[in-house]
Amino acid sequence: MKILILCTGNSCRSQMAHGFLQSFDKHLQVFSAGTKPTLQVNPIAIKVMQEIGVDISHNTPKNVELYLNDTWDYVITVCGEAKEICPTFIGKVKKQIHIGFEDPSEVKGTNEFILSEYRRVRDEIKQVFWEFYNNLK
């Protein structure tokens, strides 16, 4: 099973989803990319994933253009902007779906509040992708 997870920056939500799917099943071929990738994975995303034993610290944001000529079982968008751009995704895709999540990197407030929002979104991503994974079987 080959899965591509797309977001805008490929620094937070798509990286978390990538990390979770890979932790659920090492046999899955999971990749993530962005329509406008950032230079590095969001450090707070790395921190909240490490809290629950999933290491995404070695991941790097990649451009979706790297994957356009590949064949995919699933292409999953996790943010609205990527969803808008992805109808033009020209790769060979069996199933393209959207599972949107709020962007914790846009949250304003105290450090404690920001961290709590990253954890909330992380937990939502874990739950939804666990359900997705179980439906693959």
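My entries follow, starting with the ground rules.

**Ground rules.** I am working from a predicted model, where local features need pLDDT of at least 70 and side-chain atom pairs count only at pLDDT 80 or more, while totals for chains, interfaces and linings use all residues. Residues are numbered from 1 along each chain as its sequence is written, and side-chain values use heavy atoms, with hydrogens and water left out.

**Entry 1: the core.** I began with the largest nonpolar core, which has 33 residues. By nonpolar core I mean a set of buried Ala, Val, Leu, Ile, Met, Phe, Trp, Tyr and Cys residues joined through side-chain atoms within 4.5 Å. Buried means under 20% relative accessible area, exposed over 50%, and partly exposed in between (1.4 Å probe, protein chains only). The residues with the most contacts inside this core are Ile3, Ile5, Met16, Leu21, Ile76, Ile125 and Phe129. I then looked up who supplies it: β1 (2-7), α1, α2 (43-50), β3 (71-77) and α4 (111-136) each give at least two residues. Helices (H or I, at least four residues) and strands (E, at least two) are DSSP runs, numbered from the N terminus. The largest share, 8 residues, comes from α4. Apart from this core lies another one of 7 residues, including Leu4, Ala33, Trp72 and Val75. A reminder to myself: in soluble globular proteins, nonpolar side chains tend to be buried together.

Entry 2: I clicked on leucine 21, found in helix α1. Leucine 21 has a relative accessible area of 0%, so I wrote it down as buried. Setting aside neighbours within four places in sequence, leucine 21 is in contact (heavy atoms within 4.5 Å) with Ile3, Ile5, Leu28, Val30, Phe129, Phe132 and Tyr133. The C-alpha atoms of leucine 21 and isoleucine 3 are separated by 9.2 Å, with the two residues 18 apart along the chain.

Is histidine 18 buried or exposed? Histidine 18 counts as buried because its relative accessibility is 14%. This histidine is found in α1 too, a helix that covers residues 13-24. With neighbours within four places left out, histidine 18 is in contact with Ile5, Val30, Phe31, Ser32 and Asn59.

**Entry 3: how α4 meets its partners.** I checked α1 against α4 next: their axes come within 9 Å and cross at roughly 45 degrees. Axes here are lines fitted to C-alpha atoms, for helices over the stretch in contact, with angles running from 0 to 180 degrees between N-to-C directions. The two helices, α1 and α4, are therefore oblique to each other. Angles under 35 degrees count as roughly parallel, over 145 as roughly antiparallel, 65 to 115 as roughly perpendicular, and the rest as oblique. The crossing of α1 and α4 is right-handed; a crossing is left-handed if the near helix is turned anticlockwise from the far one by less than a right angle, and right-handed if clockwise. Among the residues that meet are Met16, Phe20 and Leu21 in α1 and Ile125, Phe129 and Tyr133 in α4.

I looked at α2 against α4 as well. Their axes come within 10 Å and cross at roughly 65 degrees, and this crossing is right-handed. The contact is made by Ile44, Ala45, Lys47, Val48 and Met49 of α2 and Ile114, Leu115, Tyr118, Arg119 and Arg122 of α4.

Two α4 residues remained on my list. Isoleucine 125, beyond its neighbours within four places, is in contact with Arg13, Met16, Ala17, Phe20 and Phe101. Valine 121, found in α4, counts as buried because its relative accessibility is 1%. Not counting residues up to four places away, valine 121 touches Arg13, Phe101, Glu102 and Pro104.

**Entry 4: cysteines.** How many disulfides does the structure hold? I found 0 disulfides, a disulfide being a pair of cysteine sulfur atoms within 2.5 Å.

**Entry 5: a loop residue.** Asparagine 10 is found in the loop between β1 and α1. Its phi is near 55 degrees, a positive value in a residue other than glycine. Asparagine 10 counts as buried, at 0% relative accessibility.
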